[in-house]
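I'd like to walk you through one structure, so please have a look at it on the screen while I talk.

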Amino acid sequence: MATWYDEKRVAYKGSVVLRDWNYTRNQERLRKERSESSRAYAGAAVNRLTSDWNSLSTSADSEILTSLTALRARSRQMVRDNAHARNAVRIVQNNVVGTGIGVQAQVSNARGKLIDAVNSLIEEKWAEWCDKGTCHTAGLLGFPEMMRLIMAQLVEAGEVLVRKVRRPFGGGRVSLALEILEADRLMDQWQTAKAPNGNSIRMGVEVDEWGRPQAYWFHPTHPGDYQFSSFVPSKFIRVPADEVIHLYIVERWPQTRGVPWFHAVLRRINDMKGYSDAEIVAARASANIVGFIKAPEPSPGDDVSFGQRVIDSEPGTFRQLMPGEDFVGFNPSRPNAALEPFMRFMLREMAAGVGVSYEALSRDYSQSNYSSSRLSLLDDRDLWRVLQGWLIRNFVSQVYREWLNQAVISGELNIPDFFSNRAKYEKVRFKPRGWSWIDPTKEVSAFRSAVRAGFMTVSDVIAQTSGGQDAEDVFKSRRQELDMMDELDLTFDTDPASVDSTGKDQPAVAAAISAGVPEDGEENEEGEPAEEQDE
């Protein structure tokens, strides 16, 4: 900038100097802004193209507080009225829980050998408690149905609470039953409040200085159950945290409450509903109009109804128009040919937001081949395994340990050294559902090769493909099947110990039989057991 620009000449109205000075100043400002923006993220740029992009740097709880009630209500309305939203809930329930998550007790002795008597007793008593009459306070939900309801509430409402009631129900001896509580029961109308002990209450959850829940504050009844409730003075119920299992997916921390899984696609689902309704109305209206009759003057028809001329029509007939009348046909463009591709596009967005594949959500496999469908199924199964592990860690294992403790206290399980050796008896393997083969010929061969190479174990293969069974279940069933074959003197090519894959006798087996080698559990010639049995 020239140094001879004095203040008087610059301020002169219409001065060339003023114009040049403004131009130079604006150019310098633009260069400075470009230099600063080149060192920033493009997603954080503020310009005319992003002027309507408003965002706030707020905490997770601050964002949840202002939206939770509306999100939850709209999500539930969509699940009630939208077929695809309802299907998304069923997909999660069927793949994460299925018919239930089994329990395999793993109590072992000092040598690492499983103690079958103790394990079988624990599993038997657990199965008895999982009946709806004893595990549910209302006596309506068995443990598998309870898990399915929990997963449905996670998708629909974003969270669910399970209260542990330490008293027996339904004639059982174990002092434990579960009560399912919807998230609406929490007093979530305030962001923060102070408990009498000084703790902070964040949307109904009382937490200490570290964010660890200390108690939950509930409405005495469901706040939306006003039609079935008589008037009572408003009061809240405080339940200690050790009696409540609060289930939700933590996406940010600190995060006190969960959000519905449909939160990112609720507007899309609503737009789909509105668009499909409009198309149906337009198609129905178009189908009701056959054509139009043009006439210079109004003429009577066959009848008049509600002030409108009505003309009778029958198949295979010809009609003679009145003098001066002309018929103009109506060829509507309904149903709209663009409806299907548009709805597929919207369903893909919905599937991505919920976390399921488009094929599973829409039940439409016409747009994919075998390879792409197989890939989507494998991707889905990775997600289901993650959710299965989450449900086991955060719910099933907690309930199992609580039940085991109460079963010993009540005398339902007679384990004298339980409290001095708790870790030994709490060992357990949970058996979530697996999935059948997609391409059995190829996958069986691949798993077999992986087992022989040492990359996997037989237990790994069974856990992935046997629908909730583990290796112990399969081996015991296999042993029973083979013993039954021996008793009935039957030989099938499914017994690899007797015949090979072509049905021929195995040479090693024939030689062992001819040599008189005793089977396991039989005595040899010296009268000693063939194999020492563990106690």
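Of the 535 residues in this protein, 33% count as buried. Please keep in mind that what you see is a predicted model. The protein has 16 helices and 14 strands. As for contacts between residues at least 6 apart in sequence, 61% of them join residues at least 24 apart.

Let me start with the aromatic rings. The structure holds 12 aromatic pairs. One of them is formed by Trp-126 and Trp-129, and that pair is tilted, with 5.4 Å from centre to centre and 35 degrees between the planes. Both residues lie in helix H5, which covers residues 116-129, and they are three residues apart, about one turn of the helix.

The charged end of Arg-167 sits over the ring of Phe-169, 4.4 Å from the ring centre. Likewise, Arg-348 has its charged end over the ring of Tyr-358, with 4.9 Å to the centre.

Which of its residues are buried? They are Val-461, Ile-462 and Thr-465. Looking down the axis of H14, these buried residues fall within an arc of 95 degrees, so they line one face of the helix. What do they pack against? Their partners are helix H13 (440-453) and helix H15 (471-487).

The structure holds one cavity of 30 Å³ or more, and the largest cavity has a volume of about 30 Å³. Its lining is made up of Gly-158, Ile-249, Glu-251, Gly-258, Val-259 and Trp-261.

Last, some backbone geometry for those of you who like torsions. As a reminder, most residues other than glycine have a negative phi, and most peptide bonds are trans. The peptide bond from Trp-253 to Pro-254 is cis, with omega near 0 degrees. You will find Pro-254 in the loop between strand S9 (244-248) and helix H8 (266-287).

Then there is Met-203, a residue other than glycine with a positive phi, near 55 degrees. Met-203 is placed in the loop between strand S5 (200-202) and strand S6 (205-207), and at 1% relative accessibility it counts as buried. Arg-363 has a positive phi as well, near 60 degrees. This arginine lies in the loop between helix H10 (358-362) and H11. Is Arg-363 buried or exposed? At 57% relative accessibility, Arg-363 counts as exposed.

That's my tour, and I'm happy to take questions.

Terms used: Residues numbered from 1 in each chain as written. Predicted model: local features only at pLDDT ≥ 70, side-chain atom pairs only at ≥ 80, totals over all residues. Heavy atoms only, no water. Phe/Tyr/Trp six-rings, centres within 6.5 Å; stacked < 30°, edge-to-face > 60°. Helix = DSSP H or I, 4+ residues; strand = E, 2+ residues; numbered from the N terminus. Lys NZ or Arg CZ within 6 Å of the ring centre and 35° of its normal. Buried < 20%, exposed > 50% of the residue type's maximum accessible area, 1.4 Å probe, protein only. Arc of directions from axis to C-beta. Contact = heavy atoms within 4.5 Å. 1 Å grid on protein atoms, 1.4 Å probe; cavity = no way out; pocket = protein on both sides within 12 Å on 5 of 7 lines; lining within 4 Å. Points joined across faces, edges and corners; volume = space filled by probe spheres on them.
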